[in-house]
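Subject: Structure handover

Hello,

Here is the structure I promised to pass on. My notes on the helix packing follow below.

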Amino acid sequence: MPDDPSRSGESDIHTPGPVRLLLELTVFFGAVAGLNFAGLRRAAGRLLVIMVGYQVLAHDRIGWLLSH
């Protein structure tokens with residue numbers, strides 16, 4: 001996505017911010033679900049805590065994605 005401060009902006013496919021956020025959440029929280037379904041509940045719980053913590057700490061980036 002052009003003007004994304006965390007990327008070069010020279011990607012072949014420009015993805016709108018809300019779509020990119022949805023893709024990221026799907027992949028990462030899908031990993032949590034996958035670990036849980038595999039019976040690795042402790043690992044799933046730890047990854048969930050990490051992911052929620054990251055989302056809270058990255059609130060400015062999430063706001064930026066949602067506004068673009």
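How close do the axes of helix 2 and helix 3 come, and at what angle do they cross? They come within 5 Å and cross at roughly 70 degrees. Helix 2 and helix 3 are therefore roughly perpendicular to each other.

First, the ground rules. This is a predicted model, in which local features need pLDDT of at least 70, side-chain atom pairs count only at pLDDT 80 or more, and totals for chains, interfaces and linings use all residues. Residues are numbered from 1 along each chain as its sequence is written, and side-chain values use heavy atoms, with hydrogens and water left out.

Overall picture

The protein chain has three helices and zero strands. Helices (H or I, at least four residues) and strands (E, at least two) are DSSP runs, numbered from the N terminus. Along the sequence the pattern reads α-α-α. Of the 68 residues in the protein chain, 22% are buried (under 20% relative accessible area; exposed is over 50%, partly exposed in between; 1.4 Å probe, protein chains only). The accessible surface comes to about 4900 Å², and 68% of that belongs to carbon and sulfur atoms (Shrake-Rupley method, 1.4 Å probe; for residues, only the protein chains shown count as cover). Take the contacts (heavy atoms within 4.5 Å) between residues at least 6 apart in sequence: 45% of them join residues at least 24 apart.

Helix 1 with helix 2

Helix 1 spans residues 17-37 and helix 2 spans residues 41-57. They pack at an angle of about 160 degrees, with axes 7 Å apart. Axes are lines fitted to C-alpha atoms, for helices over the stretch in contact, and angles run from 0 to 180 degrees between N-to-C directions. That makes helix 1 roughly antiparallel to helix 2 (over 145 degrees; under 35 is roughly parallel, 65 to 115 roughly perpendicular, the rest oblique). Leu25, Phe28, Phe29, Ala31, Val32, Leu35 and Asn36 of helix 1 meet residues of helix 2 including Leu47, Leu48, Met51 and Gln55. By class, this contact of helix 1 with helix 2 has 12 nonpolar, two polar and one charged residues. Ala, Val, Leu, Ile, Met, Phe, Trp, Tyr, Cys and Pro count as nonpolar, Asp, Glu, Lys and Arg as charged, and the others, Gly among them, as polar.

Helix 3

Helix 3 covers residues 59-67. The axes of helix 1 and helix 3 come within 6 Å and cross at roughly 130 degrees. That makes helix 1 oblique to helix 3. Gly17, Pro18, Arg20, Leu21 and Glu24 of helix 1 make the contact with Arg61, Ile62, Leu65 and Leu66 of helix 3. The classes are five nonpolar, one polar and three charged.

Glutamine 55

Is glutamine 55 buried or exposed? Glutamine 55 counts as buried, at 17% relative accessibility. Glutamine 55 sits in helix 2. Leaving out residues up to four places away in sequence, glutamine 55 touches Leu25, Phe29 and Ile62. Leucine 25 is 30 residues from glutamine 55 in sequence and 9.4 Å away in space, C-alpha to C-alpha.

Best wishes
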